[in-house]
Amino acid sequence: MLKTPEQFEDSLRDLNPTVYIKGNKVQSVVDEPLLRPGVNAISVTYEYALLPEYAETMTAISHVTGKKVNRLLHINTNQDDLLKKLEMTRLLCRETGCAQRYLCHDALNALYENTNNTDLKYGTDYHVKFLNYLERVQDEDLTMCVAMTDAKGDRTKRPHEQHNPDLYLRMVSRSEDGIVVRGIKAIVTGAPYTHEILVLPTRNMTFQDKDYAISFAVPIDAPGVEMVSRQAGRPKESGAPLTSQYGQATAQILFDDVFIPWDRVFLAGEWDFAGSLTESFATHHRVSCIGARAGLGDILIGATASMAEANGLDPQKTGHVREKIADLIKFVESFYACGVTSAVFGNETNAGNFKPDPVYANIGKLLQGTHIYDMFRIVHDTTGGILVSSPYPEDMEIPNLGEKLNEYLQGNQDISADYRISIARLLEDITASYQGGWYSAISISGGGSPEATRLEIMRKYDIEERKSLIEKIAGV
Ligand SMILES: Cc1cc2nc3c(=O)[nH]c(=O)nc-3n(C[C@H](O)[C@H](O)[C@H](O)COP(=O)(O)OP(=O)(O)OC[C@H]3O[C@@H](n4cnc5c(N)ncnc54)[C@H](O)[C@@H]3O)c2cc1C
């Protein structure tokens with residue numbers, strides 16, 4: 001059943017994860033001010049799913065249970081599902097900046113495919129176990145964080161070659177009842193304020209790495225699980241209109257010999273399926289990154305055009321402003337178009353669910369991750385110095401002084417200084433504050449580095465077919 005935002009928060013109160021921020025143990029995740037913007041962002045995914053106007057985008061009928069579920073927990077059954085999930089991500093992120101919960105969709109779809117394929121080769125029963133888990137997740141409308149990225153140590157070495165065997169999360173023992181895991185997952189979005197952790201491998205493996213080829217689900221407050229997190233957004237900062245409300249925390253999750261029962265294990269030693277699970281998750285997730293940054297792009301386009309007007313410049317008539325805003329639109333809509341194309345050309349997997357076309361998913365992610373800097377450049381150039389010099393809201397309230405500031409900081413005489421300053425604060429918040437740096441970093445690294453996407457493009461693009469075309473034309 002779909003939860004309300006209030007039910008989501010209450011369900012978090014039933015859990016007791018071990019979370020530290022800045023050296024302090026968090027007593028209650030929901031009541032911790034440093035995490036509030038993160039809880040708010042996930043809550044929007046619950047709120048929107050209940051709004052009639054968003055029902056088609058935000059919900060779907062599960063082919064597993066036949067019940068209505070949040071689309072973020074849905075297994076794609078056709079290309080339209082892929083498209084709607086992209087649209088949904090953009091919708092959520094144009095309000096929140098980053099709604100985080102789409103990671104659930106990406107991991108569930110990857111596990112649906114990979115558990116099926118592992119069973120086909122090894123005769124294991126991961127798929128049935130996964131379906132049972134999926135049913136519970138859909139019924140209880142849960143949120144999972146996705147822990148894929150390991151500490152990785154020396155990047156040139158495989159897991160088993162590292163100087164410390166725990167630099168990739170590993171299985172230290174297995175028994176009739178389950179497995180025991182040890183190590184760390186190094187960057188996990190939203191971890192403190194979710195119900196469960198879905199663990200996936202972060203790379204392809206060899207036979208010698210088989211103890212690292214593991215995937216499982218574990219409650220966020222399972223014995224032996226501890227996390228060190230960071231604040232979400234810029235909580236309680238008066239000059240942060242977006243990120244004081246909505247933000248994203250990341251956490252390092254430590255697993256100190258954590259026991260995982262077999263019914264929650266989806267890969268345990270089948271080393272040759274680690275790479276395909278990583279690849280499947282990355283393909284889905286790169287489309288989420290596209291949708292998320294398109295939502296952020298919507299905010300930037302609207303705010304930059306408004307800022308130009310507040311400065312007295314008409315974005316349609318002032319040549320260089322028109323050019324900059326057209327370029328901003330070009331960047332956003334070109335990576336979004338790749339997301340759309342990846343859905344339209346999406347394919348059915350062996351397991352029967354649908355996966356985006358990997359070439360377009362990766363091109364879109366590459367464009368998004370590299371053009372974020374061009375997008376921010378346009379914002380900074382168009383806004384001018386007020387971007388980082390507008391008075392704090394409290395200073396605008398100083399008697400007499402505040403009124404004078406309101407008078408002198410006006411640009412276009414038809415637009416109030418208050419409006420101009422508010423837009424400048426929003427743009428500073430997203431592009432030039434601590435969160436501005438954060439948005440750049442998540443855009444380039446989140447979902448995989450540019451090099452990782454280029455490798456995928458080169459692996460999946462049919463260059464041989466293009467070469468044969470040239471041979472025909474050139475007659476060689
Ligand atoms: C805000 C944020 C949120 C995130 N959320 C999550 C999450 O929820 N779950 C999750 O699992 N992960 C998450 N990530 C992690 C993200 O997926 C990784 O940052 C990304 O995959 C890159 O991995 P890395 O950070 O270890 O960098 P690296 O892989 O170390 O990359 C750093 C540089 O080294 C290069 N490099 C790496 N390996 C090699 C090699 N062998 N040879 C040559 N060059 C190499 C890369 O190309 C890059 O230029 C998040 C990241 C960010 C920034």
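A word on the ground rules first. The model is predicted, so I take local features only at pLDDT of at least 70 and side-chain atom pairs only at pLDDT 80 or more, while totals for chains, interfaces and linings use all residues. Residues are numbered from 1 along each chain as its sequence is written, and side-chain values use heavy atoms, with hydrogens and water left out.

Let's start with the overall layout. The protein chain splits into domain 1, residues 5–273, and domain 2, residues 276–474; these bounds come from an automatic or database domain assignment. Their C-alpha centres are 25 Å apart. In the contact between them, domain 1 takes part with 51 residues and domain 2 with 46 residues. By contact I mean heavy atoms within 4.5 Å.

Now the inside. I'll call a residue buried under 20% relative accessible area, exposed over 50%, and partly exposed in between, using a 1.4 Å probe and protein chains only. A nonpolar core is then a set of buried Ala, Val, Leu, Ile, Met, Phe, Trp, Tyr and Cys residues joined through side-chain atoms within 4.5 Å. The largest one has 49 residues, and the members that touch the most others are L92, M375, L427, I430 and Y439. Helices here are DSSP runs of H or I with at least four residues, strands are runs of E with at least two, and both are numbered from the N terminus. Helix α7 gives the largest share of the core, 10 residues. Each of the two domains, domain 1 and domain 2, contributes at least three residues to this core.

Leaving aside neighbours within four places in sequence, I430 is in contact with L242, L296, I299, L300, F376, Q435, G436 and Y439. Apart from this core there is another, of 40 residues, including I21, V30, M171 and I197.

Next, helix α13, residues 450–460. Which of its residues are buried? They are P450, T453, E456 and I457. Seen down the axis of α13, these buried residues fall within an arc of 125°, so they line one face of the helix; the arc is that of the directions from the helix axis to the C-beta atoms. As a reminder, an α-helix has 3.6 residues a turn, so residues three or four places apart point the same way. On the other side of α13, M458 and R459 are exposed. The cover over the buried residues of α13 includes α7 (274–310), α9 (358–383) and α12 (434–445).

On to the ligand. There are 20 residues around the ligand, and V146, M148, T149, R155 and T189 come nearest; a residue counts as near if one of its heavy atoms lies within 4 Å. For polar contacts, I use pairs of N or O atoms within 3.5 Å; within protein, one must be able to donate a hydrogen and the other to accept it, and residues adjacent in sequence count only if both atoms are side-chain atoms. An N or O atom in the side chain of T149 is 2.7 Å from a nitrogen atom of the ligand. K152 places a polar side-chain atom 2.9 Å from a ligand oxygen atom. From I187, a polar backbone atom is 3.0 Å from a nitrogen atom of the ligand.

Q100 is in the loop between α4 and α5 (102–122), and its phi is near 65°, a positive value in a residue other than glycine. Q100 counts as buried, at 3% relative accessibility. Its side chain makes a polar contact of 2.7 Å with the side chain of Y193 and reaches the backbone oxygen of G247 at 2.9 Å.

The other is N353, in the loop between β13 (347–348) and β14 (354–355). Is N353 buried or exposed? At 1% relative accessibility, N353 counts as buried. The side chain of N353 reaches the backbone oxygen of N109 at 3.1 Å, and has a polar contact of 2.5 Å with the side chain of T349.
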